[in-house]
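Please look over the sequence and the model below before reading on.

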Amino acid sequence: SSGINAEWPLRPGQGLLLLSALFSYAMVALNQLMLVAMPTYSTYGSQHYMVPDNGTMVTKPCDNHAPAGECQLTQLASIITRFTIHANLYGALVTYLLSAFVAAYVIGFVVAAVRRKRSILEKAAGNRDAEDDPLLNL
């Protein structure tokens, strides 16, 4: 047996299968994120419907308040809504995990923006102090 296959836990061909599975999971996560980030467009696209208003017809974009039968769900919204209805725990879990992800991203961005970076001189002085300390050079 070759040295590469003996150390690697996957057999030939399994890497492509693993890559396909990871790509599928990433696409599901991206679709779910699109529904959270831009719900109206992800659900109805660029559809519009007509509503009478003072004797004239007014065009309005589709949303959840549109009359029944005027707007059609996109494939993305149809699939994810159907799955979320049948698996209630999935919908709740995805909603809270996406909220936690967005919150962690915002907190990380604020911390990175506020945290003061050390200058090159401070880094050099810190490294020199560490070299002069006899306890650190055992």
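Predicted model: local features only at pLDDT ≥ 70, side-chain atom pairs only at ≥ 80, totals over all residues.

**The nonpolar patch**
- The patch covers about 1,200 Å² and is made by F23, M27, L30, L33, V36, F101, V102, Y105, V106, F109, V110 and V114.
- At least two residues of the patch come from each of two helices, α2 (14-37) and α5 (88-114).
- V102, which is one of the patch residues, has its place in helix α5, and it counts as partly exposed because its relative accessibility is 38%, a value that lies between the 20% limit for buried residues and the 50% limit for exposed ones.

**Helix α5**
- With 27 residues at 1.5 Å a residue, α5 should span 39 Å, and this agrees with its end C-alpha atoms, which are 39 Å apart.

**The nonpolar core**
- In soluble globular proteins, nonpolar side chains tend to be buried together.
- The largest nonpolar core in this model consists of 5 residues, which are Y44, Y49, C62, A66 and C71.
- If neighbours within four places in sequence are left aside, C62 is in contact with T40, Y44, Q47, H48, Y49 and C71, and among these contacts Y44, Y49 and C71 are also listed as residues of the core.

Notes
Residues numbered from 1 in each chain as written. Heavy atoms only, no water. Patch = residues over 30% accessible without salt bridge, like charges linked within 9 Å, V, L, I, M, F, W, Y side chains within 5 Å. Areas by Shrake-Rupley, 256 points an atom, 1.4 Å probe, with all protein chains shown as cover. Salt bridge = Lys/Arg side-chain N within 4 Å of Asp/Glu carboxyl O. Helix = DSSP H or I, 4+ residues; strand = E, 2+ residues; numbered from the N terminus. Buried < 20%, exposed > 50% of the residue type's maximum accessible area, 1.4 Å probe, protein only. Expected span 1.5 Å × (residues − 1). Core = buried A, V, L, I, M, F, W, Y, C linked by side-chain atoms within 4.5 Å. Contact = heavy atoms within 4.5 Å.
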